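Please keep the structure open while reading.

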Amino acid sequence: MGLDPGLRRLALGTLLAAYPGPVPPEWAVDLVAEGLAGHTLFGTNVHDPAQVAASTLALRAGRPDVLIAIDEEGGDVTRLAHATGSPYPGNAALGAVDDTALTGRVYAAIGAELAALGITVNLAPTVDVNTADENPVIGTRSFGADPARVAAHSAAAVEGLQSVGVAACAKHFPGHGATVADSHHELPTVDVSPALLRERDLPPFAAVVEAGARAVMTAHIRVPALTGDGPATFSRAVLVDLLRGEYGFTGTVITDALEMQGAALAAGGVGPAAVRALAAGADLLCIGAKVDAALVEHVAGEIVAAIGDGRLDRARVEEAAGRTAALAAWTRAAGIPPATPTDLGYAAARRAVRVEGEVDGLARPLVVQLHATATMAEGRVPWGLGPHLDGLEEVRVVAHEADAAALGRLADGRPIVLVGRHLHRLPGGAALVDALAAVYPVTVVEMGWPGRWRPTGVRAFVTTYGASHANGRAAAEALGLIG
């Protein structure tokens with residue numbers, strides 16, 4: 001016996017799905033026609049601009065107001081430029097420049113590119129205050145560690161995106177910046193008082209609400225004082241009492257991907273996670289990246305079953321679907337402005353570079369790039385100075401396996417430029433820097449979150465506050481490695 005058609009359509013109206021490959025499969029378009037709220041695009045869905053525009057047009061054939069979302073933060077998290085690296089610096093670099101007008105222009109430029117391709121929701125900006133240097137999942141995605149600075153830039157980013165008709169989704173409420181675990185793999189805990197949250201983590205969310213953000217994304221983090229043993233995504237105290245009641249948010253609450261272990265493990269699967277998120281006050285449920293028709297039907301079925309057995313109030317699901325429909329209506333009314341090609345991102349990245357020490361006299365150095373793993377949010381995106389070096393020798397090594405003496409012999413009297421990401425927490429990274437700097441002239445380029453760590457004995461320490469294509473070019477220019 002199939003699902004009640006009306007309840008199935010209601011449930012589908014709360015779901016943000018995804019599909020594999022560059023062409024939307026028939027089932028993805030059919031589900032849109034049957035009421036699915038929309039789809040999120042990932043790197044696997046992106047080959048080139050013309051293909052993305054064709055994909056969004058195909059989805060609109062299912063329903064004109066379908067939501068089409070993407071994680072296009074600029075900097076280290078990019079889907080449109082996953083093959084090359086983003087032409088825009090990310091939030092940490094923009095926070096380092098500390099020009100809110102520039103932040104607004106960068107986000108307006110990103111939004112214009114998205115709008116021209118038919119993408120209506122950007123799952124950005126990240127407005128977490130990165131107060132933990134060891135944070136494995138936020139880092140350079142944050143505007144910084146100062147709540148006031150993060151709040152100002154968060155509001156500017158929202159205003160920039162929405163000025164060109166793309167809905168902003170500020171994330172990750174109530175703040176992922178103090179975590180030292182990745183919610184893709186486990187449920188992080190931030191064991192602090194509500195008072196500290198209000199002082200440290202929540203000011204940026206107050207700012208984006210004031211700026212008119214159309215959506216806010218939940219965090220799969222545990223804050224025991226508010227959420228008990230579960231994540232914020234399942235907490236009415238967080239989503240209703242705090243976000244809506246105290247901060248006055250009236251837009252759409254979108255969950256982070258329910259396939260992430262911070263949610264799925266806590267609930268016992270994606271379906272139960274969807275039910276708990278809706279019951280807590282979420283409106284639009286991001287299922288995740290690995291989605292097929294069967295999974296969408298399974299989640300919709302779980303929601304319908306929960307309405308039937310009383311775990312979910314039908315009125316709550318109708319409210320969620322209504323808020324999602326309102327978001328879709330806003331994006332459709334906003335229109336699609338033309339994209340305006342610009343080198344704005346490269347200029348912004350140049351302004352973010354910080355140099356401590358002396359970078360003159362680096363003619364034809366040996367460039368050593370240290371291998372660094374990527375988070376699931378970032379994905380595998382090219383980074384480093386390599387694309388910007390004209391005929392210079394570059395080697396890539398694993399820090400804890402590298403032999404400093406062998407690298408010195410390879411340099412053969414040339415200066416060494418050591419390029420890394422998050423060197424302070426990269427296994428073997430700091431030790432390799434120390435070993436090289438004790439004998440050879442070394443310049444260190446940090447393309448991750450620099451934190452408080454600084455190398456000793458080096459000629460210079462260069463910080464880019466991100467590893468995008470724009471950040472890499474800016475670093476190469478600062479070192480005089482581009483003619």
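## Sheet

Two strands pair if DSSP finds at least two bridges between them, and strands (E, at least two residues) and helices (H or I, at least four) are DSSP runs numbered from the N terminus. Three bridges join strand 6 (residues 215–218) to strand 7, the two running parallel, and within this pairing Val216 stands opposite Val253 of strand 7.

This is a predicted model, in which local features need pLDDT of at least 70 and side-chain atom pairs count only at pLDDT 80 or more, while totals for chains, interfaces and linings use all residues. Residues are numbered from 1 along each chain as its sequence is written, and side-chain values use heavy atoms, leaving out hydrogens and water.

Eight strands form an open sheet in the order 7-6-5-4-3-2-1-8, with parallel pairing. Strand 7 (252–254) and strand 8 (285–286) stand at the edges with a single partner strand each, so one side of each is left without a neighbour in the sheet.

## Aromatic pairs

Rings of Phe, Tyr and Trp (its six-membered ring) pair if their centres lie within 6.5 Å, and planes under 30 degrees apart count as stacked, over 60 as edge-to-face and the rest as tilted. The whole structure holds two aromatic pairs. The ring centres of Phe173 and Phe205 are 5.0 Å apart and their planes stand at 90°, so this pair is edge-to-face. Phe173 lies in strand 5 (residues 167–173) and Phe205 in helix 8 (residues 203–210), so the pair ties together parts 32 residues apart in sequence.

Trp453 and Phe461 also form an edge-to-face pair, at 6.0 Å centre to centre and 85° between the planes.

## Main pocket

On a 1 Å grid over the protein atoms alone, a pocket is an open set of points where a 1.4 Å probe fits, with protein on both sides within 12 Å along at least five of seven lines, and lining residues have an atom within 4 Å of a point. The largest pocket is lined by 36 residues, with Phe42, Arg79, Ala289, Met376 and Ala377 nearest its centre.
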